[in-house]
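Visitor: I am new to this structure. Please take me through the terms used for it, and say what each one rests on.

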Amino acid sequence: MSAVATDIQRLREELRDRGATVKTTELPPAERVARVKEVFARRLDGNMATYLETCLHCGMCAEVCHFYEATGEGKYTPIYKVEPLRRFYRRELAPMGWLRKLVMRDITPADLDEWQKLVYDACTQCARCDMICPMGIQISPMIAVMREAIAEAGMQPAENKALAKEVLEKGTLMGVGPEDYRRVAADLAAQGIVVPLDKPKARVVMLMSAMDAMLFTSAIAATAKIMNRLGLDWTFRTNAGDAAVFDWTSGDERAKAAALRKIVAETVDAGASTLIVPECGHGYAAVRWDGANVVGAELPFEVLSISEFVGREIEAGRLKVKPLPAGKSVTYHDPCKIGRWSGVFEEPRSALKALGVEIREMESHAKTNYCCGGGAGLVLNERANKLRAGAFHIKMREADATGAGSVVTACGHCRMTFIAGAQHANWQKPIESLVELVAANLA
Ligand code: SF4
Ligand code: SF4
């Protein structure tokens, strides 16, 4: 087993142990149902009502979900994952609900047990299903509401509960906090890589993720090399916390808000005009799409992912790279939250083109890219190992069909999923980080 694959397995085991220290649920069954309904009532808006009214039950969304494709089981059909929400709407909010109550049963605690597994183990919030529905139904935001409701009932997986508790009580993730970021910076400084920490003012604030601090300090080093080469006025703010905003899709709204508020506050405090999120699709989408919602005001800075930033700098001619020796071919895996969610498709490819590599696209790429199977926290969810492995096989099959020499991606969570999936499947394809590839070939 590779050293990183061993570390990923150790992280999963550590997380499982942390989960064992919190109770899965403390609420009586009737209270759990009541809390779920309270969230449904609060979050179900006009758009969702229209979606729930207009579903044709055509099943097209099933065909694009990697969990359905990997298993063929109807329960993994995307729209089925929101069935309790639909039932609540039809009985309690929709016209003629009083009549439906006579024939349609209410949500039960047993339903919550069943759907807890469906929405936490079999949805990576990849949003692929949202693109295919002939009625324009956005299914993934409704699955996010399902997670929020289940978390409010105290029924999220114990691992998620433990992480949210840690974020709220200690401000760290998996025990990683400011001290660890300082240690990483000191280690890099010893290698001659300057990492400016906690400057009072800077034009650019860069985040660090706990995952990079634990597994991929090479990505932090690569980022620092690029920022220094560009001569930017930049800093890492150690109190900004983990870049990944783990609770953005875990359903724990309080932990999500706490993490996002810290990131926004530190960036504002530095007076930065740009916030750059490292190779973490989750964190990028969280800040970009939810930062302003959480703080209740427009963000006074631009939010960029590192791959987007690097691609733009290369396109503008400010960052020069050396072409790699001829003959290197890669396939690029679009992280769902950076690609499909945020529209960053061209910039990473511009960087790869500048490096002179041959890009061999997978059959499903860019907007239609298949998720690697690890998004929305699934990469660390041991209970989902079998489902995740099935989803990963789809990805592996598409990458193999390109004949490319390696897979490049721009998200540490995808990278973890690929490394762990490759280990499990004894797949030999090298997995590379875009930012590391660029930094290793600066002109
Ligand atoms: S594709 Fe759209 S209309 Fe068809 S089953 Fe799925 S959600 Fe319903
Ligand atoms: S968001 Fe992705 S994983 Fe979730 S149901 Fe839709 S296609 Fe499946």
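Predicted model: local features only at pLDDT ≥ 70, side-chain atom pairs only at ≥ 80, totals over all residues.

Visitor: What domains is the protein chain divided into?
Guide: The division is into domain 1 (29-154), domain 2 (175-313) and domain 3 (321-439). These bounds come from an automatic or database domain assignment.

Visitor: How many residues does each of domain 2 and domain 3 give to the contact?
Guide: The C-alpha centres of domain 2 and domain 3 lie 22 Å apart. Domain 2 puts 28 residues into the contact and domain 3 puts in 25 residues. Contact here means heavy atoms within 4.5 Å.

Visitor: What makes a set of residues a nonpolar core?
Guide: The residues must be buried, belong to a list of nonpolar types, and be joined through side-chain atoms within 4.5 Å. The largest such set has 76 residues, and Val195, Ile226, Val310, Met416, Trp427 and Val438 are those with the most contacts inside it. Helix H14 (residues 217-229) is the element that gives the most to this core, with seven residues. Domain 2 and domain 3 each supply at least three residues to this core. Another core, of 46 residues, lies apart from it and includes Cys55, Val64, Phe67 and Phe88.

Visitor: Which residues does Val310 touch, beyond those up to four places away in sequence?
Guide: Val310 touches Ile226, Leu319, Ala351 and Val438.

Visitor: Why is helix H11 called largely enclosed?
Guide: Nine of the 12 residues of H11 are buried, so the rest of the structure largely encloses this helix. Among the buried residues of H11 are Ala158, Leu163 and Val167, and also Glu159, Lys161 and Glu166. The cover over them includes helix H1 (3-20), helix H8 (109-121) and helix H15 (253-269). Just after H11, Gly171 has a positive phi of about 75 degrees.

Visitor: What covers the buried residues of H18?
Guide: The cover includes helix H17 (306-315), strand S5 (329-333), strand S6 (358-359), strand S7 (406-409) and helix H21 (434-439). The residues of H18 (residues 346-354) that are buried are Glu347, Pro348, Arg349, Ser350, Ala351 and Leu352.

Visitor: Why is Thr331 called buried?
Guide: Buried means under 20% relative accessible area. Thr331 has 1% relative accessibility, so it counts as buried. Thr331 is in strand S5. Leaving aside neighbours within four places in sequence, Thr331 has contacts that include Arg360, Met362, Ala399 and Val407.

Visitor: What makes the phi of Met96 worth a remark?
Guide: Most residues other than glycine have a negative phi. Met96 is not a glycine, yet its phi is positive, about 65 degrees. Val245 is another residue other than glycine with a positive phi, near 45 degrees. Val245 sits in the loop between strand S2 (234-236) and H15. At 1% relative accessibility, Val245 counts as buried.

Visitor: Which residues come closest to ligand 1?
Guide: The closest are Cys55, Leu56, Cys58, Cys61 and Cys133, out of 13 residues that surround ligand 1. By class, this shell has 11 nonpolar, two polar and no charged residues.

Visitor: Which residues come nearest to ligand 2?
Guide: Of 14 residues around ligand 2, the nearest are Cys65, Cys123, Cys126, Ala127 and Cys129. Helix H5 (66-71), helix H9 (128-132) and helix H10 (139-152) each give two or more residues to this shell. The classes in the shell around ligand 2 are eight nonpolar, four polar and two charged residues.

Terms used: Residues numbered from 1 in each chain as written. Chains lettered and ligands numbered in written order. Heavy atoms only, no water. Buried < 20%, exposed > 50% of the residue type's maximum accessible area, 1.4 Å probe, protein only. Helix = DSSP H or I, 4+ residues; strand = E, 2+ residues; numbered from the N terminus. Near = heavy atom within 4 Å. Nonpolar A, V, L, I, M, F, W, Y, C, P; charged D, E, K, R; others polar.
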